[in-house]
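Q: I'm new to this one and would like a slow walk through it. Could you take me through the domains and then the cores?

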Amino acid sequence: MRLTATALLCLVCCTSATHADEVQVAVAANFTAPAKQIAADFEKDTGHQAMLSFGATGKFYAQIRNGAPFEVLLAADDETPARLEKEGAAVAGTRFTYATGRLVLWSAKPGYVDDQGEVLKKGEFKHLAIANPRLASYGMAAMEALTTLKLLDAVQPRFVQAENIAQAYQFIATGNAELGFVALSQVFKDGKFVEGSAWVLPAKLHQPIRQDAVILDKGRGKPAAAAWLKYLRGDRAKAVITSFGYEL
Amino acid sequence: MSIKAHFRLDWPGFTLDAALDLPRRGVTAVFGQSGCGKTTLLRCIAGLERGAGRLEVNGEVWQDAGRFVPTHLRPLGYVFQDARLFAHLDVGRNLDFGMRRNRGAAMPGRDPIIELLGLGPLLERMPERLSGGEQQRVAIARALLTAPRLLLMDEPLASLDHARKQEILPYLERLRDELEIPVIYVSHAADEVARLADHIVVMEDGHTVAQGPLAETLARVDLPIRLGEDAGAVFEATVAERDAEWHLARVEFDGGELWVRDSGAAIGKRVRLRILARDVSIAASRHDDVSIMNMLPATVAAHAGEDHPALVMVQLRVGGTALLARLTRRSAQRLDLAPGRRVWAQIKAVALIG
Amino acid sequence: MLNPADLAAIWLTCKLATTTTVLLLLIGTPIAWWLARTRSWWKGPVGAVVALPIVLPPTVLGFYLLLLMGPDGAVGRFTEWAGVGLLPFTFWGLVLASVFYSMPFVVQPIQNAFEAIGERPLEAAATLRAAPLDAFFSVAVPLARPGFITATILGFAHTVGEFGVVLMIGGNIPDKTRVVSVLIYDHVEALEYGQAHWLAGGMVAFSFLVLLALYAFTGRKTR
């Protein structure tokens, strides 16, 4: 048994010594925590190293179009990878949805948000944080949901817009906005809410928030890039992704 | 006596310990080498430095143990060595600065003071476009226009070259003659002091070492040591005769008469004379076969050693006037110059200083 | 071309920068005066605090301001107690943040000017019967005029150029907190490069002209 383990370890080491490679990955900010965990597993299992950069998908787009050295993009939406593919900056046929985000109405105060979202109708709040819908897919989804609920006109004057979903979380977590729309992945860990109170919006209220991954031009033909995408589809990665509240 | 002061100030490497007792009128020179504490003493009087001590001006207490009148509430005028005109105001507004803030006290006339200091053509100029001498004149006028009851002047001529000094000195003399208030004039230049002061305070290492009326104090034999080459007597005389052929004038003083270069002063005018100790020699009898024009019968009053062991300082009495003569110790011994001995004073040079 | 939202942002930016600059001149002048003249042990620490925004990333400042002005922060508790509510996402919240953020750009030129003036003209003023406050306004302030002009220009321009802090505490609300720099960021992020160019180009031109004016002014002074 011990011998087997040593041999296995030796094998892994040898493999990584001979085939170990790096892959440069641009990761949407909302996927930061799961990506780190998956990257750690990825290195253990394959010997390859995923170098992660976190940021806004729009900014990554501009950087990629201007020669940034990213090999794989894990976007916060499905439009940007499609656009990159159409423009020839991504490898055709590598695009797939690695996670589907869930939108949640969240407050740092326990008991503030009810599980039906009635708090929105009562409107006893001063600030409702939302990611800028022009920039963030979660913001767009929130707008769609409010439109469906016919509450948009009532609550829009109380919007405070964050540049991205991470900043929306910050506004709410510091108590400056009583509540707001964030990604479930930000407030959900190991099957439960980390703190505060939340209402997970029914998926039918908005278009699904598909987060697509794609191999970029710089990653064309790189084994580590292909390995990363393959790993992302694997069971171990999927378990991590769902544990953070994403759907697949 | 109307200004009584005592100050003590301890700074690292410097201690001021000065006592003053000054007359109600006239110019008092505070005289001493650079670094002796003259300016610090003046700043204490103005309240710009705060040392321990007491200051009483015309019966008003400006400072004592429980009281310190801040500078802006002291009715004084201060002329700084660097004129310190306000660069953002033209000459006229600089003059008005203190005048506008002087409430209560009787207003001095603005125009007479502008005239006294010859500032008429300068009123609209900015300070940066004035010469050093002009700046000082403006500063003096600015101080006077606050109707001060005490005028403090801190080496107002020290930063000026010779020509500029000569430009300002006549104005200062007019001030001395026309002002009704006491002036304390700090200087390290013996010629300015001799020319302007009525009263002198000598300072050394932060201490006042001598004070009194100018002629009396300058003629003290124990003091000239501190004046070095500038030691000499200053006294007043009256122009009695002017000789057009030789361009000389005869002046009379308490004890005799002297021939001096004719300065243009009219007959009957009071003039101030200065005779340096190094320009006076002593003879046991009268000699007429020398180039020296002025010889006066005198009595030895006192003598004292000089800073160089070869020299002595001798005080001579000529009537009611004291002269100083500096001689070698050997000559003094050869002539047996004991007090009371009658001699002739041979005077090589007399300066008519206004 | 500029649309009404852009124009509103420009107007808001001018309002913010003007308010901030006026407040900073009022608050910064006594601080500069104190810093220029004190021999207190506190001079170092206070000077360092004033200078902090020069070296700190705006996000640090913005983050702490968000915490401080929030319902659990000291400032937030005070403003709620005082009945003005919470400051984040409000115009006055931005003003407060900008005052901190642009403080060194106003205080330092004035402080330098006061230091250059020194004690001498003030002593002269005291001997001319001017009480300390009188001397401050009639002598120190006019003599420090170049410092005040530099401070005004830099304070205004720096507030106009402020981005990180506004992003952190602004909430991007039209007419309240959506200033030009944030709007440019939005345009760029939304890939509206045309719109971005109008504003960004305008900002470059504005900053250039401001600095040109400043250098022309200081150059004239030192000549």
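**Domains, contacts and cores**

A: Chain A is assigned domain 1 (2-100 + 209-243) and domain 2 (103-200), with bounds that come from an automatic or database domain assignment. This is a predicted model, in which local features need pLDDT of at least 70 and side-chain atom pairs count only at pLDDT 80 or more, while totals for chains, interfaces and linings use all residues. Residues are numbered from 1 along each chain as its sequence is written, and chains are lettered from A and ligands numbered from 1 in the order in which they are written.

Q: How many Å separate the centres of those two domains of chain A?
A: Taken over C-alpha atoms, the centres of domain 1 of chain A and domain 2 of chain A are separated by 29 Å. Their contact takes nine residues from domain 1 of chain A and 14 residues from domain 2 of chain A, where two residues are in contact if their C-beta atoms, placed from the backbone, lie within 7 Å.

Q: OK, and how is chain B divided?
A: Chain B has domain 1 (3-218) and domain 2 (232-352), and the C-alpha centres of these domains of chain B lie 33 Å apart. Five residues from domain 1 of chain B and six residues from domain 2 of chain B make up the contact.

Q: Which element gives the largest share of the domain 1 side there?
A: That is α7(B), with three residues; helices (H or I, at least four residues) and strands (E, at least two) are DSSP runs, numbered from the N terminus.

Q: Switching topic, which residues have the most contacts inside the largest nonpolar core?
A: They are B:Leu152, B:Val314, B:Leu323, B:Ala325 and B:Ala345, in a core of 158 residues. Such a core is a set of buried Ala, Val, Leu, Ile, Met, Phe, Trp, Tyr and Cys residues joined through C-beta atoms within 7 Å, and buried means that 20 or more other C-beta atoms lie within 10 Å of a residue's own.

Q: Which helix gives the most to this core, and where does the core lie relative to the domains of chain B?
A: Helix α5 (residues 91-117) of chain C gives the most, with 12 residues. Domain 1 (3-218) and domain 2 (232-352) of chain B both contribute residues to this core, so it lies between them.

Q: What does B:Leu323 touch?
A: Not counting residues up to four places away in sequence, B:Leu323 touches B:Ala233, B:Ile275, B:Val280, B:Ala298, B:Leu316, B:Val318 and B:Ala345.

Conventions:
A residue is buried if 20 or more other C-beta atoms lie within 10 Å of its own, exposed if 12 or fewer, and partly exposed in between; C-beta atoms are placed from the backbone.
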